[in-house]
Structures are given as C-alpha cells and as structure tokens.
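Colleague: Please take a close look at one part of this model for me. Start with the whole, so that I can see where the part belongs.

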There are 2 protein chains.
Amino acid sequence: MRDCPANAQLALLLEVTGTPKPGNVDRHRDYDTLRFEHFMAGAVGARPGFEAAAAGTPIGTAFAQSIEGMSHQSGGNTQFGALLAIMPLVQTAATTDLTPNAATMVVEETTIEDACAFYRAFDHVDVAVPPPPPGLEDLDVRRGSDATSAITNRGISLYQVMDHAASHDGIAAEWTTGFQRSFEAAEWLLTDDGPIYQRTSRTFLRLLADQPDTFIITRNGQQPAEEVTERAAAVLEGTEAGEVLADELVARDINPGTTADITAAALFIALERGLEV
Amino acid sequence: MRDCPANAQLALLLEVTGTPKPGNVDRHRDYDTLRFEHFMAGAVGARPGFEAAAAGTPIGTAFAQSIEGMSHQSGGNTQFGALLAIMPLVQTAATTDLTPNAATMVVEETTIEDACAFYRAFDHVDVAVPPPPPGLEDLDVRRGSDATSAITNRGISLYQVMDHAASHDGIAAEWTTGFQRSFEAAEWLLTDDGPIYQRTSRTFLRLLADQPDTFIITRNGQQPAEEVTERAAAVLEGTEAGEVLADELVARDINPGTTADITAAALFIALERGLEV
C-alpha cells in the first residue's frame with residue numbers, strides 16, 4: 001500500500017500525464033518555458049511537504065514547505081493550486097476517513113499562523129492572482145511574507161483567507177464547500193475504466209465543461225473562460241476534437257489551471273479510495 | 001537544492017519521459033499492459049528506498065525496499081534495473097564526491113547480507129533474466145528468498161553476484177567497471193542542450209548504438225539486439241526516423257530495457273552534477 005504522501009505525489013504526476021487536457025501541459029504538450037519535466041521536478045520537490053502534513057505539521061507550514069520544494073525547477077509555478085487543494089486532504093486522510101465533513105473540520109481549524117505561512121509561500125514563486133479588493137491592499141498575497149504583519153494585526157486565519165477568495169478562486173471555493181467538486185470528480189475517476197491518463201482527461205473535461213475556470217478568468221477574462229467551458233462540453237458531446245482544442249488553447253496561452261488543480265485533488269481522493277494504477 | 005533521494009526519483013521520472021526511446025515506454029508510447037502511469041507509480045514507490053540508502057542502510061536492503069515500493073502498481077517490472085544501477089550511486093553521492101572510484105568502493109564493500117536482500121527483492125516482481133550456468137542452479141535469482149541459504153553457504157557478496165553476471169547483464173557490468181557508461185552518458189546529458197526529454201532521447205540512442213542491449217539479448221536474442229544497435233546508429237546518422245523505429249520496436253515487443261536503466265543512472269549523475277531542470 002502507498003501511504004498518503006505517496007498517493008499525493010502520484011496524484012500530481014498522474015494529473016499532468018492525463019491527455020488531452022486542453023490548455024494544460026500534458027503528456028503530449030509543453031509550453032515553451034513550462035514543460036512536462038518541470039511538473040516532474042515539482043512533484044518530486046513537493047513530497048516532503050506532504051510528509052510533513054501527514055505527520056501533523058500545520059497545513060500552512062506544510063504547504064509552504066511543499067511550495068519551496070516545488071520551486072526547484074526553472075518552469076515557475078507548476079502545482080501551486082494543486083498543492084493548496086491536496087494539502088488539507090492529505091492531513092485529513094492521515095488521521096481519519098477522508099470525507100467532505102472531515103476535510104472541512106481540518107480547514108476550519110487553520111490558524112493565523114497558517115495564513116502567514118501561506119503568504120510566505122508566495123515568496124518562492126510567481127502566481128497569477130487578481131488584485132485585492134479596495135481597502136485590502138495590505139492583504140495582497142503577492143506581497144508574500146511582507147503581508148504577514150497585516151495578517152496578524154487583522155487576526156485572519158487561513159480558512160478566512162480562502163473564504164475571502166472563494167468567489168473568484170476555484171481552489172479557495174473547494175476549501176469552503178467541503179471539496180465538493182474534488183470528491184465528485186473522484187467518483188468519476190473510480191467508476192470510469194481504461195488507462196488512468198484517459199480517465200484523467202475525461203474527468204478534467206467534465207469539470208471544465210461544468211464551470212468556467214477561475215485561472216482563465218484571472219489571466220484571460222470572463223469571455224474566454226466561458227468559451228472554453230462551452231468547447232469542453234462540445235468535446236464531451238463529440239462535436240469537437242479534444243486534441244485540436246488542446247493544440248489551439250496552448251497556442252492561445254489559455255490555461256485552465258484551476259481545473260487541473262481540482263483534477264489532481266480528485267486523483268488523490270480516488271487513489272485513497274482504491275483507484276488502482 | 002534537491003537532495004540525493006529526490007534526484008534519484010527525478011532521474012526515474014525523466015528517463016521514462018524521454019522520447020523517442022525506441023522500444024521503451026516513453027512520454028508518447030505505452031505497451032498494452034505496461035504503461036507510462038506504471039512508471040510514475042514505480043518512481044513514487046521507490047523513493048523511501050533511496051532515502052534509506054542515503055541514510056546509510058546497506059545497499060541490498062535499501063534496494064529491496066525500493067523494489068517492494070516500486071511493485072505497488074499493476075504493470076509489473078518497471079524500474080528493477082534502474083534501481084540496481086542507481087542505488088549505489090545514491091549512497092556514494094550521499095557520503096562523498098560522486099566519482100567512478102568512490103562508487104566502486106561502495107559496491108566492493110557489499111556483503112553476503114546485501115546479496116541475500118537482493119535475492120529477496122525478486123519475490124516482489126517478475127524480472128526477465130537468463131537461466132544460471134550449469135552447476136549454479138541453486139543461485140538462480142528467480143528463486144528469490146529461497147536462494148538465500150545457498151548464498152550464505154557459498155559466502156557470496158552482492159558485488160560477487162554482479163561480477164558473475166557482468167558478462168551478460170549490462171547493469172551488473174556497470175557495477176564492475178566503475179559505472180563507466182553511466183558516467184560517460186551523464187557528460188553527454190550535461191553538454192547537450194534543449195529540453196531534458198530530448199537530451200534523454202539522444203543519450204539513450206547513443207548508448208543503444210554503442211552496445212547491444214543485454215535485456216534484448218535475454219528476451220529476444222543476439223540478432224535482434226545487434227539489429228537494434230545498428231538501427232539506433234542510423235537514427236543518430238539521420239538515415240532512419242526515431243519515431244518510426246520507436247513504433248516498430250513496441251509493435252515487435254523489443255524493449256532495450258538495460259539501455260533505459262543506464263540512461264536513468266546517467267540522469268541521476270547529471271542531476272547531481274548540476275543538470276538544471
């Protein structure tokens with residue numbers, strides 16, 4: 001049996017292997033400066049953070065450790081969102097049954113110190129995030145560790161950080177909704193058949209067809225995000241070719257990164273629930 | 001900085017990612033029952049064995065641990081030879097400069113107990129090996145842990161096991177020649193340029209063009225092994241297409257597994273010497 005940290009690492013590797021995942025780096029596609037090999041190195045570097053979370057290290061600290069480890073490659077941000085989604089699930093699975101309620105208890109118990117550690121993780125890597133709302137400039141995550149005194153002064157927990165971001169960030173929304181989409185997609189993976197890279201592709205497309213990707217909204221805008229959702233649905237309906245859409249989105253630099261991150265979380269849950277590789 | 005166990009794990013992942021690697025599973029090719037995802041899971045499972053070797057656990061025990069971890073996937077033998085090649089290099093790199101002489105000292109110090117642990121590793125996975133010579137049937141590695149009393153009675157170290165096999169097994173030959181081909185190929189990786197998956201492909205082809213692959217000899221015979229060597233040279237000379245040869249060898253089930261294993265060892269050495277991902 002693989003333990004939780006091993007399953008978490010494997011989830012990262014299986015996620016990037018799934019193909020076609022239109023707009024993402026996958027087994028068959030690279031961006032010029034963000035390549036499959038960077039995701040391999042990111043997954044290798046993330047493992048000690050998973051082990052820390054499973055051993056009881058607070059989630060913020062374990063997350064920051066995994067981001068620091070992930071960052072030892074030249075591609076930049078490979079798995080920031082995936083690690084944010086998976087880390088509480090690892091800590092949950094290491095201590096009890098991995099259920100939406102148990103995961104919610106874990107994230108609700110996060111502290112101000114977890115929030116500070118989360119902000120410090122931004123020191124290691126550039127992440128595309130929207131600017132903060134007016135009046136909350138001191139909480140801009142892009143300030144990294146410079147923002148930790150504002151966090152402490154305002155007394156904000158990591159769960160509260162996620163709660164503030166949930167309306168515009170799909171991973172934060174997972175934190176505040178019992179990881180609803182991740183658990184649902186895990187069942188799709190478990191009840192599908194065939195090689196995992198194909199199940200991963202289908203699960204990714206179902207998630208993408210279901211909701212506009214918040215990473216696309218942040219980087220490219222609402223309209224492209226909605227277009228991609230409609231076209232993912234067309235791929236599932238068989239009226240558009242997934243491989244063609246994948247090549248087009250890479251060419252247009254439209255990357256549904258949040259959907260990939262939720263797919264990784266779903267893979268972790270599925271592995272914990274017995275998905276055989 | 002990645003530590004030795006992380007570099008060892010990354011070497012396994014980068015090896016299987018390299019494409020085209022004619023005859024092997026690679027980023028673009030699967031066999032029906034041996035797929036890319038099995039290599040991902042194998043690399044995930046192998047890591048604790050690497051960590052044990054780096055921490056000073058005897059090589060045989062660390063190797064058996066890595067094989068046990070590797071075996072938690074349904075594809076069968078994914079990285080047996082690669083782990084056998086890399087494990088002494090990990091222990092060397094964890095304690096001193098990684099040089100041919102230092103690695104030779106490490107393997108020469110292996111004991112009878114290392115040999116017994118090596119045999120026990122065969123309990124976890126089916127490995128294609130030739131039958132033992134007449135009179136040495138009790139030392140057939142395929143007997144696994146059943147052979148350990150014969151090992152003990154004869155007083156054979158793991159180095160001696162490798163010395164006996166060096167004439168017909170390319171990994172055993174690395175053990176007894178200061179990992180000569182692995183160190184040479186590491187320099188090719190370091191002085192090449194471009195994405196790692198392309199460097200890995202070129203390094204694999206150079207190794208394959210240089211010597212017949214002993215895994216092909218064992219499974220398919222001498223003539224196919226020599227044919228593949230000549231055709232790998234043709235790919236390097238530009239008179240044959242690597243992608244076409246890759247598809248053909250997969251269809252013929254001709255798998256240059258030993259060359260892939262040496263490529264993985266070369267990637268580990270290159271990463272330790274500063275190969276940037």
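Modeller: Chain A has 15 helices and zero strands; helices (H or I, at least four residues) and strands (E, at least two) are DSSP runs, numbered from the N terminus. The radius of gyration of chain A, taken over C-alpha atoms, is 17 Å, close to the 19 Å that the globule rule gives for 277 residues, so chain A is as compact as a globular protein of that length. That rule is 2.2 Å times the number of residues to the power 0.38.

This is a predicted model, in which local features need pLDDT of at least 70, side-chain atom pairs count only at pLDDT 80 or more, and totals for chains, interfaces and linings use all residues. Residues are numbered from 1 along each chain as its sequence is written, chains are lettered from A and ligands numbered from 1 in the order in which they are written, and side-chain values use heavy atoms, with hydrogens and water left out. The pLDDT is the predictor's confidence in each residue, from 0 to 100; chain A averages 96, and 100% of its residues score at least 70. For the complex, the predictor gives an ipTM of 0.96 and a pTM of 0.97.

Next, the two chains together.

Now the part itself: helix α11 of chain B, residues 196-210. Its 15 residues should span 21 Å at 1.5 Å a residue, and its end C-alpha atoms are 21 Å apart, which agrees. The expected span is 1.5 Å times one less than the number of residues. Buried residues in α11(B) include B:I196, B:Y197, B:R199, B:F204 and B:L208. Buried means under 20% relative accessible area, exposed over 50%, and partly exposed in between (1.4 Å probe, protein chains only). The cover over these buried residues includes α2 (36-54) of chain A, and also α1 (4-17), α10 (180-191), α13 (222-237) and α15 (257-272) of chain B.

In α1 of chain B lies B:Q9, which counts as buried at 0% relative accessibility. Leaving aside neighbours within four places in sequence, B:Q9 is in contact (heavy atoms within 4.5 Å) with residues of both chains, among them A:Q9, A:V44, A:R47 and B:F50.

The loop between α9 (170-176) and α10 of chain B holds B:F179. Although not a glycine, B:F179 has a positive phi of about 50°, and with a relative accessible area of 0% it is buried. For reference, most residues other than glycine have a negative phi, and most peptide bonds are trans.
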